[in-house]
Amino acid sequence: MSALSENTSHHVNTVLDISQPSHSRIDNLAKHQRNTVAQRNANKQKAMWHDIKAEWERQEDAAVTLAQKHGQKVEWMRIRLQRLPEYGKTRKINTWNAFIHVRSMDLNQEGSDLPVGEKLRLTELVKLANSTNEYESLPKDKIDAMMACLQEARQRDATGSRSQPKAIRQDVYQTSKHVHKELMTLGSRCRTSSMAITVQTSGEGSSPLYYMDPAARQFVEIVLGMDVDTFCLKFESFAILGLQKFVKNDNDRRSLQKSQIRSTVRDRLRKITGEDGLNMEWTAYEDLIIDKYHVILDGWPKDIVFNPADLGTKSLAVVIAALEDGTCNWKKLTEESYIKYVQERERKIQAGEVHIPKCKRRSDAGQKRGPYKRQRGEARCVSDVRPEEESDDDGKLAVSGQ
């Protein structure tokens, strides 16, 4: 049994035997019989490859002929004739596909549990559609609605949640395998070091899948001081339980919720403004955020103070729910909407509906203040040394008259 390479993906706590010999098969044939069987198989392979090469030559001649006839490149025509995956990947939604999709939904009664044998296949749907003139007579608004329906269906298939455990496992494994392959080739091309860990946060999946190159593995084992399996399992438990595992009391819980609100608002603010280092100004929000960047945090729950630092447990939960479901989010202001917002804000200030905090008045306001007097023992800066001050022979600072 051979060990897996460090540059390949692994199953945690799983040993894969990639070199286990297959069971030997008892051979009772005589030597001349084995030679006859081997010769027959060789002739079959030779005939098959002869036919394949002949078909390749025929397709190449057809690609050259069609390319010259229609003014296209030979490679472009070759891909279309062979229907390679590269051609299918670039296909976009068109009216015919949208029409067939909607017809399939109608005829196969989407949402019902029709047996597989009673559902129409694609070839049957296309044949039925070609037998009528319904496609040619479709109005533009109906075509647009069909294309939108197909776009929604594709988006749902790509990002929708899967319910079958087997489908979930296959999706996780195949996607992780593809990611690991891309990271490995990226390291070969660009000399990068990568680490990728995939776990199911539902807690119902298989063991974590991970990829680590030698540098990442050494970081975990030497710098962090733990083996890779333990590191991945710790990450899995954190992904499932989150920071709840580290909350000890209600104060910790409120601090965690406040941090969640601040980070969510800040990250979305940076995304909408394009300013990577921008931070949210809760106390000077209107002056430093709205007036400067013309964006507004729309949908903040009513009757809740606009500052996470002043909120209690219930209010924090309401704000978090609004941020998660998208009710509260950043929105860009047009020039017209910004002018209306400023006018409305001035009206509320004049009417006393909005309280503008003022700076506290100094206790010695209006009085003449003398120069700053340094307290005894206070550290001094070299630039504070006056001309009458000089250094003694030991290099220590000495003040004249002392």
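**View 1. Gln 59 has its place in helix H1, residues 31-70.** Helices here are DSSP runs of H or I with at least four residues, strands are E runs of at least two, and both are numbered from the N terminus. This is a predicted model, where local features need pLDDT of at least 70 and side-chain atom pairs count only at pLDDT 80 or more, while totals for chains, interfaces and linings use all residues. Residues are numbered from 1 along each chain as its sequence is written, and side-chain values use heavy atoms, with hydrogens and water left out. Gln 59 is partly exposed, because its relative accessible area is 22% (buried means under 20%, exposed over 50%, and partly exposed in between, with a 1.4 Å probe and protein chains only). Setting aside neighbours within four places in sequence, Gln 59 is in contact with Leu 81 and Gln 82; contact means heavy atoms within 4.5 Å. Look also for Arg 78, 19 residues away along the chain, whose C-alpha atom is 7.8 Å from that of Gln 59.

**View 2. Helix H4 (residues 95-107) packs against helix H6 (residues 140-159).** Their axes are 8 Å apart and meet at an angle of about 75°, so H4 is roughly perpendicular to H6. Axes are lines fitted to C-alpha atoms, for helices over the stretch in contact, and angles run from 0 to 180 degrees between N-to-C directions. Angles of 65 to 115 degrees count as roughly perpendicular, under 35 as roughly parallel, over 145 as roughly antiparallel, and the rest as oblique. Among the residues making the contact are Phe 99 and Met 105 of H4, and Ile 143 and Leu 150 of H6.

**View 3. The largest nonpolar core holds 25 residues.** Such a core is a set of buried Ala, Val, Leu, Ile, Met, Phe, Trp, Tyr and Cys residues joined through side-chain atoms within 4.5 Å. Ile 261, Val 265, Met 280, Tyr 285, Trp 300 and Trp 330 touch the most other members. Elements supplying at least two residues each include helix H10 (250-273) and strand S4 (295-298), while H12 gives the most, with 5 residues. Beyond its neighbours within four places in sequence, Tyr 285 is in contact with partners including Ile 290, Phe 306 and Trp 330.

**View 4. Two cysteines, Cys 190 and Cys 328, are shown here.** Cys 190 counts as partly exposed because its relative accessibility is 47%, whereas Cys 328, at 0%, counts as buried. A search of the whole structure finds 0 disulfides, a disulfide being a pair of cysteine sulfur atoms within 2.5 Å.
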